[in-house]
Amino acid sequence: MSLNLTDITLTYPDGDTRLTALDKVALDVPKGSLTAVVGPSGSGKSSLLAVAATLITPDVGTVTIDGTSTTGMSRGELTDLRRHKIGIVFQQPNLLPSLTAAEQLQVMAQLDGRSPARARTRALELLDAVGLADQARRRPHQLSGGQRQRVNIARALMNDPTVLLVDEPTSALDHERGAAVLDLITRLTHQQATATVLVTHDRTHLTAVDQIAEVHDGRLRPMALTR
Ligand SMILES: Nc1ncnc2c1ncn2[C@@H]1O[C@H](COP(=O)(O)OP(=O)(O)OP(=O)(O)O)[C@@H](O)[C@H]1O
Ligand SMILES: [Mg+2]
């Protein structure tokens with residue numbers, strides 16, 4: 001089991017009271033499997049990813065990654081854990097305008113002290129894996145929206161994460177490109193054996209997922225697979 005959330009409750013300050021964003025949420029995501037999280041706007045999907053990413057500490061509950069509970073870890077330990085075990089794909093690619101596709105990936109590895117040559121090799125391998133081998137020298141403005149999203153996904157895989165967390169990767173894409181990005185995430189989940197959580201509004205693409213969970217007012221419940 002690679003990602004496990006147990007009894008997660010998260011509240012945010014809201015005037016004089018607190019707003020419950022996640023209410024006793026439990027989720028198991030095994031290695032090499034893909035879980036889709038769906039639900040209306042404001043239901044708690046991004047909050048769930050932020051807790052799973054250890055970016056927000058919940059009021060109650062435990063996040064376990066690769067068998068290790070993150071409860072009580074210091075900020076430094078959490079930063080280290082994220083750097084080595086967690087890949088995060090935010091909705092907006094946030095690529096650096098002045099860097100080529102390959103360099104966007106290399107920066108990640110160099111932050112982590114890998115040699116430039118190894119970082120370059122890994123970056124080119126991953127760009128190839130996402131179908132962008134021939135775009136490695138292009139900068140973001142020379143890429144399409146779908147291509148930028150693929151660079152974003154490849155970048156999240158640079159640290160060989162155990163857990164891959166993806167927030168609405170298809171919302172800016174047309175149906176066909178959205179389907180291609182979903183196929184890519186499914187394939188990478190199996191190839192790289194990540195425990196993947198994918199937040200999406202778009203249920204039409206959810207044919208190849210292993211588990212679907214729906215969030216409603218901060219509560220998570222399993223949904224039947226439609227295949
Ligand atoms: N930093 C914050 N401070 C206070 N309230 C917040 C904060 N972040 C989110 N919320 C509230 O928590 C609830 C869940 O928000 P969240 O961003 O997790 O929803 P979501 O399901 O990702 O929505 P969307 O589909 O629109 O992205 C919402 O009511 C939101 O207003
Ligand atoms: Mg969100």
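Which helix is Met-108 found in? I looked this up before anything else. Met-108 sits in helix α3, which covers residues 101-111. I note that I am working from a predicted model.

**Entry: a surface patch**

I stayed with Met-108 for a moment. Together with Val-107 and Leu-111, Met-108 makes a nonpolar surface patch of about 260 Å². I then checked accessibility. Met-108 has a relative accessible area of 36%, so I put it down as partly exposed.

**Entry: around ligand 1**

Next I listed the residues surrounding ligand 1. Among them are Tyr-12, Leu-19, Pro-40, Lys-45 and His-201. The list also includes Gly-42, Ser-43 and Gly-44. I sorted the shell by type and found 4 nonpolar, 7 polar and 1 charged residues.

Which element gives the most to this shell? I found that α1 does, with 3 residues. Both β2 (17-29) and α1 (45-52) supply at least two residues each.

I then looked at individual contacts. A ligand 1 oxygen lies 2.6 Å from an N or O atom in the Ser-47 side chain. For Ser-46, I found a polar backbone atom 2.9 Å from a ligand oxygen. For Gly-44, a polar backbone atom is 3.0 Å from a ligand oxygen. I also checked how much of the ligand is covered. Alone, ligand 1 exposes 640 Å², and the protein buries 60% of that.

**Entry: salt bridges**

How many salt bridges does the structure hold? I noted 6.

I began with Arg-122. Its side chain meets that of Glu-125 in a salt bridge, at 2.9 Å from N to O. Both residues lie in helix α4 (residues 116-129), 3 residues apart, about one turn of the helix. Arg-122 is buried, at 16% relative accessible area. Glu-125 is partly exposed, at 45%.

Arg-122 also meets Asp-160 in a salt bridge, at 2.7 Å from N to O. Asp-160 lies in the loop between α5 (145-156) and β7 (163-167), while Arg-122 is in helix α4, so this pair ties together parts 38 residues apart in sequence. I noted Asp-160 as partly exposed, at 43% relative accessibility.

I turned to Glu-214 and Arg-221. They form a salt bridge, and their closest N and O atoms are 2.9 Å apart. Is Glu-214 buried or exposed? Glu-214 counts as buried, with 11% relative accessibility. Arg-221 is partly exposed, at 47% relative accessible area. Elsewhere, Asp-23, Lys-24 and Arg-219 are joined into one network by salt bridges that share partners.

How values were computed. Residues numbered from 1 in each chain as written. Chains lettered and ligands numbered in written order. Predicted model: local features only at pLDDT ≥ 70, side-chain atom pairs only at ≥ 80, totals over all residues. Heavy atoms only, no water. Patch = residues over 30% accessible without salt bridge, like charges linked within 9 Å, V, L, I, M, F, W, Y side chains within 5 Å. Areas by Shrake-Rupley, 256 points an atom, 1.4 Å probe, with all protein chains shown as cover. Salt bridge = Lys/Arg side-chain N within 4 Å of Asp/Glu carboxyl O. Helix = DSSP H or I, 4+ residues; strand = E, 2+ residues; numbered from the N terminus. Buried < 20%, exposed > 50% of the residue type's maximum accessible area, 1.4 Å probe, protein only. Near = heavy atom within 4 Å. Polar contact = N/O pair within 3.5 Å; in protein donor to acceptor, adjacent residues only side chain to side chain. Nonpolar A, V, L, I, M, F, W, Y, C, P; charged D, E, K, R; others polar.
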